[in-house]
Amino acid sequence: MPYDKTKDASGFVIVADHVPQVIQEIRYHSTFNFVGDRIDGYEEPIAILTKEAARALKAASNEAMVQGYRLKIFDAYRPATAVRHFVLWGIEDEDIRMKPYFYPAITKQETFSLGYIASRSSHSRGSTVDLTLFDMAAGKDVDMGGPFDLFDEISHPSCRSITDEQYENRMCLQRIMVRNGFVPMDNEWWHFTLKDEPYPDTYFDFPVASDSLMK
C-alpha cells in the first residue's frame, strides 16, 4: 500500500540543540548494530526529532536529571532509506554475523515476523526515540536486564525473568517517558513514541545530517 513520504525536514530539530543534557550513542551510524554495517541514511552520529518530540524529550530529560540520571539516545528519527536497508538485509540469508549479539535465540526472518524490525518504522515519522538511563553517580548505563536491540522476549518491558532491580529500572524509564507524553512499545523496553505525534501518517526520507535541517 503506498504511503506519504517526504524529504521535507522543516519540522525537525537536532536534539542536542534543544536537550543538551542528553548523551548520544547513535548505533546505526556505527557498525555495532544487528546488521553489522553503518546503515544507509545515517551520515552523522546525531539524533534528530520533530520539534514537538524534542520539546517533550526536554521535559523528560529534566525529570531524569532530578532523579540523578541523564537520557542516553541510541536512535531517533530514522530515514525510510535506512528501513529499506534493514529489509534488504533481511532478504540476504547468508549474512548472520551479528546474530550472537542481537538475535541469538531466533532466526533472522523472525526478527521481522515477531515485530522487532518493521518494513515501515514509526521512527521514520520523526517522533520516536530509542533510549536508556545513564546513572550520573555510577558513571554508567543503568542495568535494564538486556542491551539495546536485543531481539528476544527478555527485551519486552513486562518480562519478569530479570531481577526486580532491572525491572524497576525499566519501569523508572517508562514512568519518566509516559509522564512526559510518550507511549511505550510492548516488545522493546527502550522504544517510545510521542503520543500526539505531529506526522502520524508521514514517513520521512532525508538523511540524518545537520545539513538536512538547513535546506
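Contact here means heavy atoms within 4.5 Å. The exercises below concern a predicted model.

**Exercise 1.** Determine where Thr193 is found, whether Thr193 is buried or exposed, and which residues are in contact with Thr193.

*Solution.*
Step 1. Thr193 belongs to strand E9, which spans residues 191-194.
Step 2. The relative accessible area of Thr193 is 12%. Buried means under 20%, so Thr193 is buried.
Step 3. Once neighbours within four places in sequence are set aside, the contacts of Thr193 are Ser122, Arg125, Ser127, Thr128, Gly181, Phe182 and Val183.
Step 4. With Thr128, the side chain of Thr193 forms a polar contact of 2.6 Å.

**Exercise 2.** Describe the largest pocket by its volume and its lining.

*Solution.*
Step 1. The volume of the largest pocket is about 310 Å³.
Step 2. The lining comprises 21 residues, and Ser121, Ser122, Met185, Glu188 and His191 are the closest to the pocket centre.
Step 3. By class, the lining holds 10 nonpolar, 6 polar and 5 charged residues.
Step 4. At least two lining residues come from strand E8 (182-184), and at least two from E9.

**Exercise 3.** Identify which residues of the largest nonpolar core touch the most other members, and which element gives the most to this core.

*Solution.*
Step 1. The core has 55 residues, of which Phe34, Leu57, Ile73, Leu131, Leu133 and Met177 touch the most other members.
Step 2. Elements that each supply at least two core residues include helix H2 (51-66), strand E6 (128-135) and E9.
Step 3. H2 gives the most, with 5 residues.
Step 4. Beyond four places in sequence, Leu57 has contacts that include Leu49, Ile73, Leu131, Met177 and Phe182.

How values were computed. Residues are numbered from 1 along each chain as its sequence is written. This is a predicted model: local features need pLDDT of at least 70, side-chain atom pairs count only at pLDDT 80 or more; totals for chains, interfaces and linings use all residues. Side-chain values use heavy atoms; hydrogens and water are left out. Helices (H or I, at least four residues) and strands (E, at least two) are DSSP runs, numbered from the N terminus. Buried means under 20% relative accessible area, exposed over 50%, partly exposed in between (1.4 Å probe, protein chains only). A polar contact is a pair of N or O atoms within 3.5 Å; within protein, one must be able to donate a hydrogen and the other to accept it, and residues adjacent in sequence count only if both atoms are side-chain atoms. On a 1 Å grid over the protein atoms alone, a cavity is a set of points where a 1.4 Å probe fits but cannot get out, and a pocket is an open set with protein on both sides within 12 Å along at least five of seven lines; lining residues have an atom within 4 Å of a point. Grid points are joined across faces, edges and corners, and a volume is the space filled by probe spheres set on the points. Ala, Val, Leu, Ile, Met, Phe, Trp, Tyr, Cys and Pro count as nonpolar, Asp, Glu, Lys and Arg as charged, and the others, Gly among them, as polar. A nonpolar core is a set of buried Ala, Val, Leu, Ile, Met, Phe, Trp, Tyr and Cys residues joined through side-chain atoms within 4.5 Å.
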